[in-house]
Amino acid sequence: MTTEFNIVAGLQRPLAEVRKMFRDRIGTVHAPRPNELYVDIPLDLAAGFCAHLHRKWSARLVSVFADDVRDAMNTAFPFPGVDGLASFPPGGSGAPAVPPNGGTTERTGDDAKPRGVAAGVPHRGVFHLYYVYALDQRHGFIIARAAVPADKPEFPSLTDAVHGVNWQEREIQDLFGLKLLGHPNPRRCALHDDWPEVFPLRKDFDLRTKLPPFQGPRHKFREVEGEGVFQVPVGPVHAGIIEPGHFLFSVAGEPVLYLQLRMFYVHKGTEKLFESLPVAHGVRLAESISGDSSFAHATAFCHAVERAAEIEPPPRARALRTLCLELERIYNHLGDIGAICTDVAFVTAHMHALRLKERVMRLNEHLTGNRLLRGMACLGGVRFDFDESQLEQLAQLVATLQPEFAALVELIRDSSGTRDRLETTGVLTPDVARDLGIVGLAGRASGVDRDLRRDFPHAFYEQLRFDIPVLTAGDVQSRLALRREEIFQSFAIINQVAAGMPDGPIRTAVGDIPPDRTALGYVEGWRGEIFHWVRTAPGNRLARCKVKDPSLQNWPALTEAILGNIVPDFPVVNKSFNLSYSGTDR
Amino acid sequence: MIALALQTLLLLGLSPLVTGAIRLGKARLQNRRGPPLWQPYADLAKFLRKDMVVSEHASWIFSVAPYIVFVTALLAGLMVPMVSVAAPLSLFGGALALVGLLALGRFFLALGGLDPASAFGGMGSSREMTIAAIAEPAMMLAIFTVALAAGSTDLTRIVQTTLEPAWGLANPMHVLAFAALFIVLLAETGRIPIDNPATHLELTMIHEAMLLEYSGRQLALMEWGASIKQLVLMTLLVNIFFPAGIATEITPTALGAGLLAYAAKLLLLSTAIVLVETTNAKLRLFRVPDLLSIAFAVALLALFSTFLFP
C-alpha cells in the first residue's frame, strides 16, 4: 500500500512495515506533524508492537503515560466520517520542511470491519495509554495509543522487557488507578504507601480535593540480610539545600551491596495543575518543574503547544531560544564540574567553577532579566529580544570564558588526586545504560549516542554545526569530561548563532488553539531530553499535559553505578548524575 | 602552679584561633572572603549557650564522652612545652602518657559516635579507628626516634636536647621523623587528604560524623577538644623539631620572646597545612591506610637511622 502521509522519509518504511506486519490489528494511523506518527493499537498488542519497533527499527520507548478520556466528547484522533483535519503547515520547528498536504488520516486494513477496541470504536469510557517511541536515526516519533476500558482498568506491563519504564508504569497505576499486570514490582511509586485510594489524574478527581491525614502503612524497604550487613538510611531530608529523596544503602563494611531509591516525596500534582490553567500561564508553571532546567522545560512546553496550534516561531525567536538553551547548559555544567570537584574535597576548582558560573548567570540576568532565564520563554517565541550591545556582551563573555574555562580544565587535570578519585568510580556500563534507557549526558558518558539536538533538531539546531561528544567508560570522570566537552561545544554554538543572527520578529501570535489536538514537544535540556505532550481543551486550555523529565529516566542508573563502590564515594557519583528531584516528582 | 594555669589558659585561648586561622587561610587561597578569624570563638560561645538535644537511645557514655575528650586533650597539652621549655606537667613517662591520653580521648570519641546508634556515627567511628590503628603507631615511632636521641621520653628533656647546638637540623632521622609526624598530624586533625573538615556530606565524613548527634555544650566541648588536640600536635611538631626561640628561663622577656617565636612557628605550620589542604583532593577511603603506612614506614626508617647515623 502506498501512503500519501505527510511524514518524514524516515518514518515511511517503519509505517509500511508495521502495517504489513500487524495488518488489520492496528486502527487509525494519524500524522498531525511530519515527525509525529500516531498509531492506534489494541491493548494486547502493546508488547508486540514495542518488540517490533525495538528490534526492527531500534526504537526507544521514551515515555509511557495515560490520559483519561472517559468523558471526552471526541478524541484527538478523527474517526471515519469525522471531518477533523485541516491542512498542516510544516510541523514543529524541527521538522524538515515538507509541503503541507491535505488530510493525513487514513484507515488501515479493510475499512469496513473495525476489530478490537482500537479500530475505530468511539473512545467513550476509556483511558488512553500512549507509548512514545523515538526512532532516532529516522528522525521521527511513533506514538502508539491503546485504549483501556474504564470497566476493566488493567494494562499489561512492559517493564520486564523495557526496564526503563518501571517507574512510569507504576506512576500510571498510582495516578490513574489502572492496574498493572505482570509487573515485577507493582508497589506504589508516585504516590507513597500511606496515600488513600485516590487517583489524582482522573478527570473526576477535583484539583481542590482535600485529603484526610495519611494513615496508611509505611513503606517497607527490602532488606539485605547476612552477617555484617547493615542498612544505612540517608535522607529524605539531606544536609545542604537540596530536595528530599531517600537512599537506603545496604552495606557490608564500606562497600555498597544494594541501594534503594525512594523519590516522589514532593509530588506536587504539576500535571494536574496544567489542566487548570490557561495555556499561556502553563509556560510559567513549566518553568518551575525543575529549577535548573527552567528554560528547557518552558521551551519544551511551548514547543508542544506551538505544534498543537500549528504555528512556528520566527527564526530570530528560535535563534534566541538556542542561545538561552546553551547558556543554561553552560551554567549548569560549570556548576556540576565544580561540585564534582568539591565532593572529592578539591575545593579550589569548585570556587573557580562557581566564579565562572556566576558570570554566566549574571549575563543571563542582563539578557533576560533573570539569572535562571525565567520569564524568557513564551508561546510562539521568546519574550525579550537581545539588542546589538547585548549580543556583543554575549560574544565577549564567551571569548573571555573560553580561556578561563580551559585554565580550570587544566587545574583539574593536573590534580592527580582528583583523577584518582573520579576514574573507575561509579561506573555505568554501556549495556546497563542501554537497558535502562539512560538519556542525556549520563547516557552519552556511557556510550549511548543520543541527542535530540542532532536527531530531532528543534529551535535553531538544524542550521548549526556541532559535535555530540560520546564517551564509553561510564565513570564519574567520563561524566565530568563529557560536561567539559559539551561546554566547549556550547561556546561554539553560541558563536555560530550570534554570528548569523536572523532578523525579524521574536514572536508569532498563537491565537486560539483548537481543542482536542495532541502534540509532542521536545527539547534537549542540559541534563537530557525533555518531553512535553499536550492534549488541548476548548478555551485555550489543556486537557492533559504529560511532562517527562530526564531525571525520571536516569535515577535508576544511580543504583547500578554505585554497586561495588564504597559509601564515601556515593556523593560524588550522585553529583556526577546530578538528577532533579523536582523534575522526577512533579 | 602558675605555669599550669598559664599553659591551660594558652591552650584554651589559642586553640580556636589556630582553627580559625587555617580556615581563613584556606578561604583566601580559594578566592573566598572566608569567615572572620574569631569565628571559632563565636561558634563555641553559641554552642555553650544553646540547649542540648540528646537522642533517647543514648546512654551515659554519650554524655560523658565530650568531657573525657576535652580533658584528655587538655592534659596532653599540659605535658608539651609550649612557650617555655619546661612543661608544667610530666606524668608517666611524658610522651607515652601523651599518646595514651590522646588514644583515650579518641576511644571515647568513637564510643560517643556509636552510642546513639545512628548510621553515620557508627560509620565515623569505624573509619576513625581504622585510621587510628596505623596513625598511632606511626606517631609513637616518630616520637620514640627523638626520645632515643634524647635518652628520655620526657618531652621537656627531649626539647632541651634538640635545643643543643650539636643537634643537626638536617640529619636524616630528624627529617624522616618530622615527615612522619606531619602526615600523622593531618590524619589526627581530620585534614584533607584524609578527611574533609568542611564537608556537609555525611557519607564522606570521618571526624565530623562522630559529632553529628552532639549539640549545645557537649558539641562545644567536642569542638574545643578537637581544636586543643590539633594545637597540641602542632606544638609537638614545631617545638621538638624546631625548638629555636623557646624560652629556657622564666623571665618576662624570655617568655615574651618565646611566645612570639611560638606564634611564628605555628603560623608557618598552619600555612603548610593550608597549602596541603588547598592543593589536594581527598584520598579514597581505602587509600588512606596506604598514606598512613607510608608515615609508619618513614617513622620506622627514622628510628633505624638513629642507629645508623648516631
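**Exercise 1. Two helices in chain B**

Work out how helix α5 (residues 119-150) and helix α7 (residues 172-188) of chain B pack in this predicted model, and which residues make the contact.

*Solution.* Let's start with the geometry.

- Step 1: Two packed helices are described by the angle between their axes and by the distance between those axes.
- Step 2: For α5(B) and α7(B), the angle is about 150 degrees and the axes are 9 Å apart.
- Step 3: Angles over 145 degrees count as roughly antiparallel, so α5(B) is roughly antiparallel to α7(B).
- Step 4: The crossing in which α5(B) passes α7(B) is left-handed.
- Step 5: Now find the side chains. From α5(B), the contact includes B:Ile131, B:Ala135, B:Ala138 and B:Met139. Among the partners from α7(B) are B:Met173, B:Ala177, B:Leu181 and B:Glu188.
- Step 6: Sort the contact residues by kind: twelve are nonpolar, one is polar and one is charged.

**Exercise 2. A sheet in chain A**

Find the order of the strands β14, β15 and β16 in chain A, and explain why β14 and β16 each have one side without a neighbour in the sheet.

*Solution.* Trace the strands one at a time.

- Step 1: The three strands form an open sheet, ordered β14-β15-β16, with antiparallel pairing.
- Step 2: β14 (518-524) and β16 (541-548) of chain A are at the edges and have a single partner strand each, so one side of each lacks a neighbour in the sheet.
- Step 3: On average, neighbouring strands here are turned by 20 degrees against each other, direction ignored.
- Step 4: Look at one pair. Seven bridges join β14(A) to β15 (residues 529-537) of chain A, and A:Glu524 is found opposite A:Glu529 in β15(A).

**Exercise 3. Contacts between domains and chains**

Describe how domain 1 and domain 2 of chain A touch, then turn to the contact between chain B and chain A.

*Solution.* Begin inside chain A.

- Step 1: The domain assignment places domain 1 at 9-181 and domain 2 at 270-585.
- Step 2: Across the boundary, 29 residues of domain 1 are in contact with 30 residues of domain 2.
- Step 3: On the domain 1 side, β3(A) gives the most, with six residues.
- Step 4: That side has twelve nonpolar, twelve polar and five charged residues.
- Step 5: Between the chains, 22 residues of chain B are in contact with 24 residues of chain A. The chain B side divides into ten nonpolar, eight polar and four charged residues.

Definitions and conventions
Residues are numbered from 1 along each chain as its sequence is written. Chains are lettered from A and ligands numbered from 1 in the order in which they are written. This is a predicted model: local features need pLDDT of at least 70, side-chain atom pairs count only at pLDDT 80 or more; totals for chains, interfaces and linings use all residues. Domain bounds come from an automatic or database domain assignment. Two residues are in contact if their C-beta atoms, placed from the backbone, lie within 7 Å. Helices (H or I, at least four residues) and strands (E, at least two) are DSSP runs, numbered from the N terminus. Ala, Val, Leu, Ile, Met, Phe, Trp, Tyr, Cys and Pro count as nonpolar, Asp, Glu, Lys and Arg as charged, and the others, Gly among them, as polar. Two strands pair if DSSP finds at least two bridges between them. Axes are lines fitted to C-alpha atoms, for helices over the stretch in contact, and angles run from 0 to 180 degrees between N-to-C directions. Angles under 35 degrees count as roughly parallel, over 145 as roughly antiparallel, 65 to 115 as roughly perpendicular and the rest as oblique. A crossing is left-handed if the near helix is turned anticlockwise from the far one by less than a right angle, and right-handed if clockwise.
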